[in-house]
Amino acid sequence: MTNRCDYNSAKAYTLAELAAEVGAVLRGSPDVEIRGIGPLENARPDQLTFLTHNRFIPLLNQCRAAALIVSPSFKDLDYPLLICDRPYVALARIAQLFFAPPAIAVGIHPNAYVESDVQVGPEAAVGALAHIGAGSRIGRETRIYDGAYLGRRVRVGEQCLIYPGVVVLDDCSIGNRVIIHSGTVIGSDGFGYAQDQNGSHLKIPQLGTVRIDDGVEIGANCTIDRATFGHTWIQRGSKIDNLVHIAHNVVVGEDSILVAQVGIAGSTRIGKNVVLAGQVGVVGHIEIGDGVRVGAQSGVPRSIEAGQDVSGSPAVPHREWLQMCAGWRRLPKLREEIRQLQRKIDELEKKVHGE
Amino acid sequence: MTNRCDYNSAKAYTLAELAAEVGAVLRGSPDVEIRGIGPLENARPDQLTFLTHNRFIPLLNQCRAAALIVSPSFKDLDYPLLICDRPYVALARIAQLFFAPPAIAVGIHPNAYVESDVQVGPEAAVGALAHIGAGSRIGRETRIYDGAYLGRRVRVGEQCLIYPGVVVLDDCSIGNRVIIHSGTVIGSDGFGYAQDQNGSHLKIPQLGTVRIDDGVEIGANCTIDRATFGHTWIQRGSKIDNLVHIAHNVVVGEDSILVAQVGIAGSTRIGKNVVLAGQVGVVGHIEIGDGVRVGAQSGVPRSIEAGQDVSGSPAVPHREWLQMCAGWRRLPKLREEIRQLQRKIDELEKKVHGE
Amino acid sequence: MTNRCDYNSAKAYTLAELAAEVGAVLRGSPDVEIRGIGPLENARPDQLTFLTHNRFIPLLNQCRAAALIVSPSFKDLDYPLLICDRPYVALARIAQLFFAPPAIAVGIHPNAYVESDVQVGPEAAVGALAHIGAGSRIGRETRIYDGAYLGRRVRVGEQCLIYPGVVVLDDCSIGNRVIIHSGTVIGSDGFGYAQDQNGSHLKIPQLGTVRIDDGVEIGANCTIDRATFGHTWIQRGSKIDNLVHIAHNVVVGEDSILVAQVGIAGSTRIGKNVVLAGQVGVVGHIEIGDGVRVGAQSGVPRSIEAGQDVSGSPAVPHREWLQMCAGWRRLPKLREEIRQLQRKIDELEKKVHGE
């Protein structure tokens, strides 16, 4: 099975060039030409690979890669090396050199449906069966892939990738270098109703929009609702995995990580550098401080101060949660201990009262 | 950033007209013209806003709105007021006056793909790149937005909004005034297999359909599976948030609320006016009585009688769950208490037996 | 309300033919013609139905079906019967005889968008507004329904059903007899970043693909990410419900069942014949052995050996979890018991020390 790398290997860099690019120390022949990157077990002789743990060292016998990206702790390995402090960062940067996003012809495809008053920047692309609503603006080098849908008055910045099947509804705005994966819906109505005296739910029209800032990536089949008023806001550099739900008027701060299937209820503010692990739920109208980390499947019922690690449903400080989990497993034993104490006390009472 | 309201402000109503519309007492000049609605902090002088809590009163200094919608408890505020018993209901009704759903031209767009024997009612619209299968019926004033997909023999009633990217598969039927948001799939196959003697799973064809009644709203990227036989049924007025899963043969009663990422397994019946909070899971083949409320992330393993509030996974009565949560946090202390009792008993035993 | 069966009833089989087909013993007239299958309460006189539990026997009074599919325990019922050891398997097989998937004309629809170098096998179909990228291969009798999207160099085997709104991105490969329901995305980027010294997340390009083997069925609005390198792999015969998330480099073994809203983090290996119930979350880089069953909403934080049943978050052996749940409910009583012991000890101490 081929990697996508194999289709994008027109480019070649020498090991010396790559070491310079990522600030690595090179142990090996500087002029070897590299044309891609691959996993340890089947990288080609013209590819780089990486080693992150001692347990993979035995695999080096069969490894055919031209060199390894490693941290300084592996500097004495008998293999050509690129040694650097942050090997994952180096891996990311080098992989980006070789990677090209899915190909698409520059310009508006004749099978696209584009309404009036649309501006498409230089080197931008709009694919077949894509839809661009009236009044929308698409920045330079942005790719609206085949079958994506933009509503009216949508703004998309520069160098974005909007994958097939994405839906961005009217009036939403998207910054530069944003990636949105297939099936994600931006700007669906927030979930807001007023209950009348008969128990019926009257829809509160959702008049706001969604704003997504530079460098955000959003996975597949997510939903980001438009605000009741104002905007739902995903700030610079945040990364959102698949099937995540973000309700109306939520704010997600810079460089935060939302893992798959997270749900955030309305008007909650998530700080910077927050990590919400998979399937976490956060109630509405609270604040999650900067740097907070929430364990997988946790439920967050109230605001959390900056820097805390929490887990559980309802979430408690992570250490306390570990104790709780241990406590749960000891519960049957605890009951037994109490019964034994009960028996001992009964005997003591007999003794004492008997005297 | 503009609100969608700003694009829909051709209409104007006097304060007196709006007060009459929602049965409010007006404190202020009856002839002021209102052209929209906005949040307290940035509503325009020709817009209404609303006040729901004492803590927002200080913001009134900078508020430029023409008047406030308030409950009677704020009747003495020094600001033009619309006083009514249910301010959220008034807000919803007034916002609906000003709101128009996304614009679309009446009739069938020349870039739509419409099969044979399709009926489209008066004032209805079918957008570009939309797909209408053979034998489908679309009621008056219904909007099938660009890029939505209806299969064959689908019935959609009057005044519905079917957003871009919605998929309604063959033979499903949708009532009047139903709203379905982007990416939602209606009528995918239910998850039904019979395991043979080799452990293989044989597909049980899903021969039923989905029926959605009047006034239902369904969020983005939901999935509502068709029944094995008969129909999966969402009854009048229920509101479903994003990324909700409803399995085959489920019935959801009238005016129920299903918050984001809820999942309901096959053949379960949800009553009227039920609230399932975010990420709740409900097993198959049970009944949730009318008016039941289930707390966020709860798991419901068995039927619940009408009127109960439950929480937890597995769900227990809500009060009991609160006690359980408190008990979990005290578990380490409980162990310490037992250890202390143990020591005291040891000492007592020494004393008593030593005598 | 009609069943889809009613549109597919051109075929007819005698009871004798159907009994032979599924290896059942026939009690009844062998020549009765059957044209479909329906539920006990409203099957037609030319349809079969099935009975699975004693409590449905009273309904037989009104039943009009031609015969019942039953297990041997019902062999003495006074009704025409097809008696077989695995009635659900017989039901599945017979229903498959009558069922036809949604109709679509063979060949490439003139409104499809098909790029260069695409091969479409004999009797295969590509619907209106479907998109097939350059270099893709579609096997014989496969149906790419209207509005589905295949990227470049995608391979789809024989007799597959790819429903409207499915997105299969570049270079992914799909086996034979695979069914993918609407809104599912195959081959979105895995969620991989390297954090630099400033806290920014650098994207690690996802260079791998997704491989889906024969006989797999995938529900609606799922997401299956492409691998970082190599491939994410769903093996033969596994069945995946709606809104399931499968991260990069996950392997799902043969004949496993993933119920709705399950999420599996990166590089985890799921064995054969595993069952993950609804809303289960599994962390990355672990192994779930063959035959493991995980209860609904459980969170799996570490590898599980073959054959285990686990539940809870974090998951523990299922029996232990049942004890834990019981223990939780007794926690308030436990506290009370400890307080009583405390009082008794206090009294004893007074007595003993007072002496």
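## Basis of the values

The model is predicted, so local features need pLDDT of at least 70 and side-chain atom pairs count only at pLDDT 80 or more, while totals for chains, interfaces and linings use all residues. Residues are numbered from 1 along each chain as its sequence is written, chains are lettered from A in the order in which they are written, and side-chain values use heavy atoms, with hydrogens and water left out.

## Chain A with chain C

The contact (heavy atoms within 4.5 Å) involves 67 residues of chain A and 77 residues of chain C. The two chains bury about 5800 Å², with 64% of this on carbon and sulfur atoms. Buried area is the accessible area, taken with a 1.4 Å probe, that two parts lose on being put together, summed over both.

There are 2 salt bridges across this interface, a salt bridge being a side-chain nitrogen of Lys or Arg within 4 Å of a carboxyl oxygen of Asp or Glu. One pairs A:Arg329 with C:Glu320, with the closest N and O atoms 2.7 Å apart. On the chain A side, α2 (87-98), β28 (239-240), β31 (257-258) and α3 (318-354) each supply at least two residues. Helices (H or I, at least four residues) and strands (E, at least two) are DSSP runs, numbered from the N terminus. The most comes from α3(A), with 17 residues.

## Chain A with chain B

Here 77 residues of chain A are in contact with 67 residues of chain B. The buried area is about 5800 Å², 64% of it on carbon and sulfur atoms. In chain A, the residues that lose the most area to chain B are A:Phe191, A:Leu207 and A:Phe229, together 12% of what that side buries.

Between chain A and chain B the count is 2 salt bridges. A:Glu320 and B:Arg329 form a salt bridge through their side chains, at 2.7 Å from N to O. Among the elements giving two or more residues to this side of chain A are β21 (185-188), β40 (316-317) and α3. The largest share, 16 residues, comes from α3(A).

## Helix α3 of chain C

In α3(C), a kink of about 55° lies at C:Leu331, shortly before the proline C:Pro332. The bend at a residue is the angle between axes fitted to the seven residues ending there and the seven starting there.
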